[in-house]
Amino acid sequence: MSEEPIAIIEASPPRRWLAIGMQLSLGGILIYLSTSMSHDFGWQVFLLLLGGGWVFLAMRMYAATQMHLILNEKGLWDSSGDQLAAMEDIESVSRGMFAFKPSNGFSLVLKKSKGPARWRPGLWWRLGSRVGVGGVTAGSQTKPAAQIIEAILAQRTRDTAS
């Protein structure tokens, strides 16, 4: 990945800490409810597992949002070196109000399904031929990145039409 970055997308610190705090709070409340109230044993186990799951998701989001995304001429990467989408594999960008996308982000439709399903909570996900970018990211970084990808796709379409 020796290409110069065109755009960098990072988690917004206030959004990141708010999301992590809310998940930890929900997990803590569920764990507290499972131990403090006299429920049926099955409900106690269910609430304890659900609370533990939320705490686990908060830890995953904490780790994932320490990374950032890098857009360069070859494609979209995360800072650990995983390629989310190669530029030549991107078919379209969805970023409208009713698009299936993360909050403050955009989704990419790929020409072919590449790679296994992956999820970095709050940052990006990949499912089949779709990649979603956003969640706790700053809109001031995701919007320009989406516009750059759209411009590259438009240029590619013009080049193939001539």
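Which residues does Gln23 touch, not counting residues up to four places away in sequence? They are Trp54, Leu57, Ala58 and Met61, where contact means heavy atoms within 4.5 Å. Before we follow that lead, a word on the model: it is predicted, so local features need pLDDT of at least 70 and side-chain atom pairs count only at pLDDT 80 or more, while totals for chains, interfaces and linings use all residues. Residues are numbered from 1 along each chain as its sequence is written, and side-chain values use heavy atoms, leaving out hydrogens and water.

Gln23 lies in helix H1. Helices (H or I, at least four residues) and strands (E, at least two) are DSSP runs, numbered from the N terminus. With a relative accessibility of 15%, Gln23 counts as buried; the cut-offs are under 20% relative accessible area for buried, over 50% for exposed, and partly exposed in between (1.4 Å probe, protein chains only). A polar atom of the Gln23 side chain lies 3.3 Å from the backbone nitrogen of Ala58.

The buried residues of H1 are Arg16, Ala19, Ile20, Gln23, Gly27, Leu30 and Ser34. An α-helix has 3.6 residues a turn, so residues three or four places apart point the same way. The buried residues of H1 pack against helix H2 (41-64).

From the H2 side, the buried residues are Leu47, Gly51, Ala58, Met61 and Ala64. They pack against H1 and also against strand S7 (118-120). For H2, too, 24 residues at 1.5 Å a residue should span 34 Å, which agrees with the 34 Å between its end C-alpha atoms.

Now for the sheet. Four strands form an open sheet in the order S1-S2-S3-S4, with antiparallel pairing; two strands pair if DSSP finds at least two bridges between them. Strand S1 (7-10) and strand S4 (83-86) are the edge strands, each pairing on one side only. Within the sheet, four bridges join strand S2 (residues 68-72) to strand S3 (residues 75-78), and Asn72 stands opposite Gly75 in S3. Helix H3 (residues 139-161) packs on the sheet, touching S1 and S2, and its direction makes about 145 degrees with that of S1. Axes here are lines fitted to C-alpha atoms, for helices over the stretch in contact, and angles run from 0 to 180 degrees between N-to-C directions.

Notes. Polar contact = N/O pair within 3.5 Å; in protein donor to acceptor, adjacent residues only side chain to side chain. Expected span 1.5 Å × (residues − 1).
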